Amino acid sequence: MQDYLLIGEITKPQGVQGELKLRPITCDPARFEGMSYAFVEEDGAYRRVNISVRRVGADAIFFRMEGVNSRNDAEEMRGTLLYIDRAHAVELDEDSAFICDLIGLKGVLTDGNEIGELIDVMQPGGNDVYVFKGKRGEVLVPALKSVVVKVDLDAGVMLLDSARMAEVAVYDDED
């Protein structure tokens with residue numbers, strides 16, 4: 001498991017006094033309200049930075065970061081990724097998991113067949129779509145309770161209902 005979770009990417013300076021615009025990488029941007037620090041990665045290590053969130057929008061967070069006091073300082077931060085440590089991440093309900101914890105799970109059908117390794121989770125709006133890569137190429141699986149029987153992070157397995165997969169999964173090798 002990763003110790004730090006990606007929460008956003010700095011996209012550009014906002015104004016001339018060092019304010020930054022962040023593209024949130026979360027399903028709930030309101031999580032940024034009241035946040036006082038985050039982490040940036042530098043040479044494989046994570047450094048804590050103090051922040052002050054100014055405004056939270058549906059698709060952008062505007063904030064100040066300690067040490068960023070001008071537009072030039074802010075411009076240097078463009079493309080920087082922000083993280084939160086797992087200990088202070090938002091708590092999930094028992095039926096949820098962070099995407100980074102799902103990546104790498106082995107997809108196994110209830111009939112015992114394997115479909116491959118989970119390599120991506122697409123979020124097109126509505127239901128997420130799991131992307132597995134295996135012998136039959138990529139397999140797209142809607143993240144539905146009727147399809148996903150069980151997620152066992154400790155065992156590294158996602159159990160999928162064979163009958164429902166026959167109805168809803170999209171396989172690379174299908175014509």
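Which residues do ring pairs link into a cluster? In this predicted model, the cluster consists of Tyr4, Tyr37, Phe39, Tyr46 and Tyr83, linked through ring pairs. Four aromatic pairs are present in the structure.

For Tyr37 and Phe39, the ring centres are 5.8 Å apart and the planes stand at 90°, so this pair is classed as edge-to-face. Both Tyr37 and Phe39 are buried. An edge-to-face arrangement is also found for Tyr46 and Tyr83, with 5.1 Å from centre to centre and 80° between the planes. Tyr46 belongs to strand 4 (residues 45–56) and Tyr83 to strand 6 (residues 81–85); the pair therefore ties together parts that are 37 residues apart in sequence.

Charged side chains were considered next. Tyr37, which is part of the cluster, has the charged end of Arg48 over its ring, at 3.7 Å from the ring centre. The ring of Tyr37 is thus described both by its edge-to-face pair with Phe39 and by the charge of Arg48 that sits over it. A further case involves Arg136, whose charged end sits over the ring of Tyr171 at a distance of 3.9 Å from the centre of that ring.

Definitions and conventions: Residues are numbered from 1 along each chain as its sequence is written. This is a predicted model: local features need pLDDT of at least 70, side-chain atom pairs count only at pLDDT 80 or more; totals for chains, interfaces and linings use all residues. Side-chain values use heavy atoms; hydrogens and water are left out. Rings of Phe, Tyr and Trp (its six-membered ring) pair if their centres lie within 6.5 Å; planes under 30 degrees apart count as stacked, over 60 as edge-to-face and the rest as tilted. Buried means under 20% relative accessible area, exposed over 50%, partly exposed in between (1.4 Å probe, protein chains only). Helices (H or I, at least four residues) and strands (E, at least two) are DSSP runs, numbered from the N terminus. A charge sits over a ring if NZ of Lys or CZ of Arg is within 6 Å of the ring centre and within 35 degrees of the ring normal.
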